[in-house]
Amino acid sequence: MLRIHYAEYEALRAHGEETYPNECCGVLLGKSVAGEGNHVREIVRAGNTRTDSAHNRYHIAPQELVKIQRQARTLGLDIVGFYHSHPDHPAQWSQTDFAEAHWLGCSYIITSVEQGKAAVTNSFLLSGTGEDDKKFEDEAVQIDIASNVAEPAAHNQKGQE
Amino acid sequence: MNIHIPTPLRAYTGGLETVSIPGATVSAVFQQLTVSYPDLKPHLFTPEGKLRSFVNVYLNDDDIRYLDSKEESVVKESDELTIIPSIAGGTNCCR
């Protein structure tokens, strides 16, 4: 299960609305907790270098990733996943998403943005041991409404399309 | 020199985010890296020994592919190498 605070969850959805009709992208910083999953503490917006086809492609410059990884290290966090939007397209991973996914154990959040408004947000865990057996698994998303709430609300938007 | 390991590959470095590996060039450091952590090798290199296309390696702030000497670039102990897999995707052919 992916855990994310409400503010970060809303921020990544808002990012998709801001870049509409183009795809947005960014990085999830946090910690992977054994037996629980990835816990997001911060999101970092990234630029989409695919200006040639930004409406249906995204790519984060490796140099920007290097800087974000440094930032994570400074904060005592790790890169635990990524997010991007699908403008006027379902919040489901595509063959392109799968082919370009190489961060095993990380969460890939996808938000569908319909006519400029963020609609469904889903998360997929890239599991497996390597390129030969990797696969995307549907991943429940738990949104923490407040940082000091003992039992945060569970929320999984799959099936809302 | 220090090599920063991305999250997915730390399973092969005993969970270490940073490992210290000696060597005079990038390729020598990588050679020693895969000797010290042999399980890393198939995740970084093809069976033919070439760096996998989705694996980016940065010497400080520079992609080694664009350095004059590429992987034969000379390194100093104070330099840092960062391994960073690519991230990309997009719509247009959903499952």
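This is a predicted model: local features need pLDDT of at least 70, side-chain atom pairs count only at pLDDT 80 or more; totals for chains, interfaces and linings use all residues.

Biologist: What elements does chain A have, and in which order do they run?

Modeller: Chain A has 3 helices and 10 strands. From the N terminus on, the order is β-α-β-β-β-α-β-α-β-β-β-β-β.

Biologist: How do you know whether chain A agrees with a compact globule?

Modeller: The comparison rests on the radius of gyration: a compact globule with 161 residues would have a value near 15 Å, and chain A has 15 Å, so the two agree. Along the principal axes, the C-alpha atoms of chain A fill a box of roughly 45 × 30 × 30 Å. Of the 161 residues in chain A, 44% are buried. Among the contacts in chain A with a separation of 6 or more, 60% are between residues 24 or more positions apart.

Biologist: Which residues are in contact with Gly16(A), leaving aside its neighbours within four places in sequence?

Modeller: They are Cys24(A), Ser85(A), Thr111(A), Val113(A) and Ala118(A). By contrast of topic, take Glu131(A): Gly16(A) and Glu131(A) are 115 residues apart in sequence, and their C-alpha atoms are 29 Å apart in space.

Biologist: What makes the buried residues of α1(A) lie on the same side?

Modeller: The buried residues of α1(A) are Glu8(A), Tyr9(A), Leu12(A), Arg13(A), His15(A), Gly16(A) and Thr19(A). Around the axis they cover an arc of only 145 degrees, and therefore they are on the same side of α1(A).

Biologist: How is helix α2 of chain A judged by the 1.5 Å a residue rule?

Modeller: Helix α2(A), residues 62-75, also has 14 residues, which should span 20 Å; the distance between its end C-alpha atoms is 20 Å, which agrees. Buried in α2(A) are Pro62(A), Leu65(A), Val66(A), Gln69(A) and Ala72(A). Their arc around the axis is only 120 degrees, so they too are on the same side of the helix. Thr74(A) and Leu75(A) are exposed residues on the face turned away from that buried side. After α2(A) comes Gly76(A), with a positive phi near 75 degrees.

Biologist: Why are strands β6 and β7 of chain A called a pair?

Modeller: Pairing requires at least two bridges; β6(A), residues 107-114, and β7(A), residues 117-127, are joined by 7 bridges, and therefore they pair, running antiparallel. Val113(A) stands opposite Ala118(A) in β7(A). The hairpin of these strands has 2 residues between them, and Gln115(A) takes a positive phi near 50 degrees there. Strand β7(A) is also joined to β8(A), residues 135-139, by 5 bridges in the antiparallel sense. In that pairing Ser123(A) stands opposite Glu139(A).

Biologist: What elements does chain B have, and what part of it is buried?

Modeller: Chain B has 2 helices and 6 strands. Of its 95 residues, 25% are buried.

Biologist: What makes the buried residues of α1(B) line one face of the helix?

Modeller: Those residues are Val26(B), Val29(B), Phe30(B) and Leu33(B). Seen down the axis, they fall within an arc of 95 degrees, so they line one face of α1(B). Their cover includes β1, β3 and β5 of chain B.

Biologist: How many residues of each chain are in contact with the other?

Modeller: On chain B there are 25 residues in contact with 34 residues of chain A. The side of chain B that touches chain A has 11 nonpolar, 10 polar and 4 charged residues.

Biologist: Which strands pair between the chains?

Modeller: Strand β4 of chain A, residues 58-60, and β6(B) pair in the antiparallel sense over 3 bridges. Ile60(A) stands opposite Ile87(B) in β6(B).

Technical notes. Residues are numbered from 1 along each chain as its sequence is written. Chains are lettered from A and ligands numbered from 1 in the order in which they are written. Helices (H or I, at least four residues) and strands (E, at least two) are DSSP runs, numbered from the N terminus. The radius of gyration is taken over C-alpha atoms; the globule rule is 2.2 Å times the number of residues to the power 0.38. A residue is buried if 20 or more other C-beta atoms lie within 10 Å of its own, exposed if 12 or fewer, and partly exposed in between; C-beta atoms are placed from the backbone. Two residues are in contact if their C-beta atoms, placed from the backbone, lie within 7 Å. Ala, Val, Leu, Ile, Met, Phe, Trp, Tyr, Cys and Pro count as nonpolar, Asp, Glu, Lys and Arg as charged, and the others, Gly among them, as polar. The arc is that of the directions from the helix axis to the C-beta atoms. The expected span of a helix is 1.5 Å times one less than its number of residues.
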